[in-house]
Amino acid sequence: MNTNIYGQPVGFSLPEWQPVSLPDHSPLNGQYCNLLPLEISHCEGLFHAFSLAEDDRDWTWLGAERPVCLQEMMSWLKNKIEDSSLVSWAVTDVKSAAPVGVVCFSNMDTVNGALEIGHVTWSPLMQRTAMGTEAIYLLLHNAFSLGYRRVVWRCDSLNEASRKAAERMGFIFEGRFRQAMTRKQRNRDTDWLSVIDTEWPVIEQSLVGWLSPENFTEDGAQKLRLETFFRNNKS
């Protein structure tokens, strides 16, 4: 334990720490998906992708309702594009180049080196593919390459799928903020998870291994689960 001149416990020293830069809107390219700066031109493709869902269950815990027409979709995209507190991307399928989801950086704290992955909105075209995992990998890689020390994932405490998805990729549960906000005229308790820089090397190695083309069959089925790579890399 580190102590100061008074014998009090203090955090470990960061003598070379300097504030980091804000992420820019540069494309982030992967094997299965690309993250492209979100544009109004993605409106029609995203509307089609989200319209493939049989119902609105994927939007239950999101701040917005699923757009029911192109005008609503355009407004939804415009709000994200014009929000200076966000860096927003469209997730596009490498094979088809079609937009299939949206994700953002938010709550970017350059002084302390922390930011959040949020506004995660996947369409049915991303289900049962490696694109969702790779999209988050690309964001984590981008954040830690810029020198960030902490990447956060928040979700409604009742959104079990979101929390499990984050934990599967190495995020650690930190705690629950009770009655943290209201959403859609309902109470929301918020679960907090994070990845910090000292954890990133093992997480990166595991995600890169799982995403390797050698880990998938010709029809896209995984050969080894991601947890297997984590277990092997931590041993």
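The backbone nitrogen of Gly30 lies 3.2 Å from a polar atom of the Asn34 side chain. This is a predicted model, in which local features need pLDDT of at least 70, side-chain atom pairs count only at pLDDT 80 or more, and totals for chains, interfaces and linings use all residues. Residues are numbered from 1 along each chain as its sequence is written, and side-chain values use heavy atoms, with hydrogens and water left out.

**Asn34**
- Asn34 belongs to strand E4 (residues 33–37); strands are DSSP runs of E with at least two residues, and helices are runs of H or I with at least four, numbered from the N terminus.
- Asn34 is buried, at a relative accessible area of 18% (buried is under 20%, exposed over 50%, partly exposed in between; 1.4 Å probe, protein chains only).
- Beyond its neighbours within four places in sequence, Asn34 is in contact (heavy atoms within 4.5 Å) with Leu28, Asn29, Ala90, Val91, Thr92 and Val94.

**Aromatic pairs**
- There are 10 aromatic pairs in the structure (ring centres of Phe, Tyr and Trp, the last by its six-membered ring, within 6.5 Å; planes under 30 degrees apart are stacked, over 60 edge-to-face, the rest tilted).
- Phe50 and Trp76 pair edge-to-face, at 5.9 Å centre to centre and 90 degrees between the planes.
- This pair links distant parts of the chain, 26 residues apart: Phe50 is in helix H1 (residues 43–51) and Trp76 in helix H2 (residues 70–82).
- Both Phe50 and Trp76 are buried.
- Tyr32, Trp210 and Phe216 are linked into a cluster by ring pairs.

**Charges over rings**
- The charged end of Arg168 sits over the ring of Trp210, 4.8 Å from its centre (NZ of Lys or CZ of Arg within 6 Å of the ring centre and within 35 degrees of the ring normal).
- Arg149 lies over the face of Trp17, 5.8 Å from the ring centre.

Definitions and conventions. Polar contact = N/O pair within 3.5 Å; in protein donor to acceptor, adjacent residues only side chain to side chain.
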